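Me: I would like to learn how to read a few features of a structure, one at a time. Please give the general idea where there is one, then the case at hand.

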Amino acid sequence: MGSNRGFSLLEVLISAFIMTLALAALLSVLTTGLKAETQSVQQTQALDVAERVLARILNDPRNIPVSFWRGRFRYPDSPWKEGIEKVDGTDYSYQLFLNNVTDNETGDPFGTESDSSNTLRRVDVLVTWQHDGPGRLGLTRLVNRTLKP
């Protein structure tokens, strides 16, 4: 008569432990992937907010407020404009900062306030949000008063 030998209790426990480790690793990979996907969506939405804010302001250069071309609104203390936009249940706060672009050697601004047709401004948009952790995105554009952005 042949031997009908099955698995011992120790062998069953070891195989169950190995399967548990494999499942835990798989769940960890899935969780990390979902978090990365959520962060990617939020960054894309934040970029859309920044681009919409800039488009609203710069769409028609003739309608840009005079305060846009004058004065310094430096990061982080004095934003030129602030606001909040809600996208898919998340509040995205934005701040716009403005500076003249200067020559690195002389420190002179490109364009001058007295010659308003030649003003070059650096526009920084900072977008922040709080959803599954803090998020932050910056967008920088150079804008010339005589050119359509």
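Me: Which residue does the side chain of Asn99 join in a polar contact?
Reply: The side chains of Asn99 and Arg74 are joined by a polar contact of 3.5 Å. The model is predicted, and the distance is computed from it.

Me: Where is Asn99 found, and is Asn99 buried or exposed?
Reply: Asn99 belongs to strand 2. Its relative accessibility is 13%, so Asn99 counts as buried, the limit being under 20%.

Me: What does Asn99 touch, not counting residues up to four places away in sequence?
Reply: Asn99 touches Arg72, Arg74, Leu120, Arg121 and Arg122.

Me: How should I read the sheet, and in what order do the strands come?
Reply: Strands of a sheet pair through backbone hydrogen bonds, either parallel or antiparallel. Here four strands make an open sheet, ordered 1-2-3-4, with antiparallel pairing. Strand 1 and strand 4 (134-144) are the edge strands, each of which pairs on one side only. From one strand to the next, the twist averages 20°.

Me: How many bridges join strand 2 to strand 3, and how many join strand 3 to strand 4?
Reply: Strand 2 and strand 3 run antiparallel and are joined by nine bridges. Between strand 3 and strand 4, also antiparallel, there are eleven bridges. As for individual positions, Leu98 stands opposite Val123 in strand 3, and Gln95 has Leu126 of strand 3 as its bridge partner. On the strand 4 side, Arg122 has Leu142 as its bridge partner.

Me: How much of strand 3 is buried?
Reply: Of the eleven residues of strand 3, eight are buried, so the strand is largely enclosed by the rest of the structure.

Me: Which residues have the most contacts inside the largest nonpolar core?
Reply: They are Phe68, Leu96, Val123, Val125 and Val127, in a core of 23 residues. Two or more residues come from each of helix 1 (9-58), helix 2, strand 2, strand 3 and strand 4. Helix 1 gives the most, with seven residues.

Me: What is Val123 in contact with, leaving aside its neighbours within four places in sequence?
Reply: The contacts of Val123 include Leu54, Phe68, Leu96, Leu139 and Val143.

Me: How do I read aromatic pairs, and how many does the structure hold?
Reply: A pair of aromatic rings is described by the distance of the centres and the angle of the planes. The structure holds three aromatic pairs. One of them is Phe68 with Trp80, at 5.4 Å centre to centre and 75° between the planes; the pair is edge-to-face. Phe68 lies in helix 2 (residues 66-69) and Trp80 in the loop between helix 2 and strand 1 (81-87), so the pair ties together parts twelve residues apart in sequence. Both Phe68 and Trp80 are buried.

Me: Why is the pair of Tyr92 and Trp129 called tilted?
Reply: The planes of Tyr92 and Trp129 stand at 50°, with the ring centres 5.5 Å apart, so the pair is tilted. Tyr92 is in strand 2 (residues 90-100) and Trp129 in strand 3 (residues 120-130), so parts 37 residues apart in sequence are tied together. Tyr92 is buried at 0% relative accessible area, and Trp129 is buried at 6%.

Technical notes. Residues are numbered from 1 along each chain as its sequence is written. This is a predicted model: local features need pLDDT of at least 70, side-chain atom pairs count only at pLDDT 80 or more; totals for chains, interfaces and linings use all residues. Side-chain values use heavy atoms; hydrogens and water are left out. Rings of Phe, Tyr and Trp (its six-membered ring) pair if their centres lie within 6.5 Å; planes under 30 degrees apart count as stacked, over 60 as edge-to-face and the rest as tilted. Buried means under 20% relative accessible area, exposed over 50%, partly exposed in between (1.4 Å probe, protein chains only). A polar contact is a pair of N or O atoms within 3.5 Å; within protein, one must be able to donate a hydrogen and the other to accept it, and residues adjacent in sequence count only if both atoms are side-chain atoms. Contact means heavy atoms within 4.5 Å. Two strands pair if DSSP finds at least two bridges between them. Axes are lines fitted to C-alpha atoms, for helices over the stretch in contact, and angles run from 0 to 180 degrees between N-to-C directions. A nonpolar core is a set of buried Ala, Val, Leu, Ile, Met, Phe, Trp, Tyr and Cys residues joined through side-chain atoms within 4.5 Å.
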